Amino acid sequence: MDRRPAAPQKRRSGEIARRRLKFLLTADETGFPPETLEMLRDDICRTVSKYMEVDSAQIEMRVRNGLMPALYTVIPIKSPLVRGTM
Amino acid sequence: MSEVIVITSGKGGVGKTTTSANIGTGLAILGKRTVMIDTDIGLRNLDVVMGLENRIVYNLVDVVEGNCRMKQALIRDKRYPNLYLLPSAQTRDKSAVNPEQMIKLIDDLQEEFDYILLDCPAGIEQGFRNAVAGAGRALVVITPEVSAIRDADRIIGLLENGEMQSIHLIINRVRADMVRRGDMMSVDDVMDILAVPLLGAVPEDEAIVISTNQGEPLAGTDTPAGQAYLDICRRLLGEDVPLSLPNVSYGLLGRLAGFLRRA
């Protein structure tokens, strides 16, 4: 049996790095453990998913320190919104 | 009065010393009286990258402790007469010097030089605090990797808390071919994440290995990295040098950041 681990996935690892990094920095900034952030992300995703189809793998979260620290999220939508329904 | 610039990164191995050597050389080429100080006490390297390791008699700790005068410890570069190195001590450790002594040391060099470059050790402990103490400006060196950027984010936070007047980013070892096929974070990605203005990006270049082997920094030579370093030096002097190297794809954000650099 071949026990060698699979070669790292070749496609678009730069994007994987970018997302891991953003998550890591948010964890560093907030002091939340990454699991807590994952739970938060999943909850946001679940809530928004009731209303529109979101790309859960692409959700980004970041804390920015302005006058008061704020949580920024980017939630990409998969299906285009239908015009005229708003 | 001279401008005092610390070259730092947090993570080791991203090219701080190479960057220090090449910026020092580049500034000397551009006619500036420049001194490079190796602040990595116990792990001295800048002398080797400069090819000056055989000329060391006294070092930074000797100057601080009064074992010699500053002039005795400064080593003149073999190629550029307006470039000097103050080497670190190899047999001592970080605790041999404190931030107040570093500030005093830098004060003593202010009159003689236009630029004082401090090559900072890796980490965030005393060596880092010593190196940043007297600096008015910081260049944070990163490679486009998760670990290097995470550490840089921490360093930038510490510099901002310490009220560093100016902080710029240098992205080292960029491989345009990997960025193009999506296997490396682009300059844009990094700028988006770190939100610190960019001073320049340096392409991965095997000429760097050769130059380090020879102990002759390549700033200003006809190589991709050599040109990138000279461009970085011109921007340090306030020249408006566009961020456009054939081997580095900057994207819109990178160019915008360059535009806003000295705003």
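## Ground rules

Residues are numbered from 1 along each chain as its sequence is written, and chains are lettered from A, with ligands numbered from 1, in the order in which they are written. Since the model is predicted, local features need pLDDT of at least 70 and side-chain atom pairs count only at pLDDT 80 or more, while totals for chains, interfaces and linings use all residues.

## The sheet in chain B

Let's start with the strands (DSSP E runs of at least two residues, numbered from the N terminus, as are helices, which are H or I runs of at least four). In chain B, 8 strands make an open sheet with mixed pairing, ordered β3-β4-β2-β5-β1-β6-β7-β8. Pairing here takes at least two DSSP bridges between two strands.

Look at β6(B) and β7(B) (residues 166–174): they run parallel and are joined by 6 bridges.

## Helices lying across the strands

Helix α9 (residues 187–194) of chain B lies across β6, β7 and β8, at about 150 degrees to β7(B). Helix α11 (residues 224–236) of chain B lies across β7 and β8, at about 170 degrees to β8(B). These angles run from 0 to 180 degrees between N-to-C directions, with axes fitted to C-alpha atoms, for helices over the stretch in contact.

## A helix tucked inside

Now for α6(B) (residues 126–133): 6 of its 8 residues are buried, so this helix is largely enclosed by the rest of the structure. They are B:Gly127, B:Phe128, B:Asn130, B:Ala131, B:Val132 and B:Ala133. Buried means 20 or more other C-beta atoms within 10 Å of the residue's own, with C-beta atoms placed from the backbone. The cover over them includes β1 (3–8), α5 (99–109), β5 (115–119), β6 (137–142) and α7 (146–161) of chain B.

With α5(B), α6(B) packs at an angle of about 30 degrees, the axes 8 Å apart. That makes the two helices roughly parallel (angles under 35 degrees). The contact (C-beta atoms within 7 Å) involves B:Pro99, B:Met102 and B:Ile103 of α5(B) with B:Arg129, B:Asn130 and B:Ala133 of α6(B).

## Where the chains meet

Between the chains, 12 residues of chain A are in contact with 11 residues of chain B.

Technical notes: Buried ≥ 20, exposed ≤ 12 C-beta atoms within 10 Å, placed from the backbone. Contact = placed C-beta atoms within 7 Å. Parallel < 35°, antiparallel > 145°, perpendicular 65-115°, else oblique.
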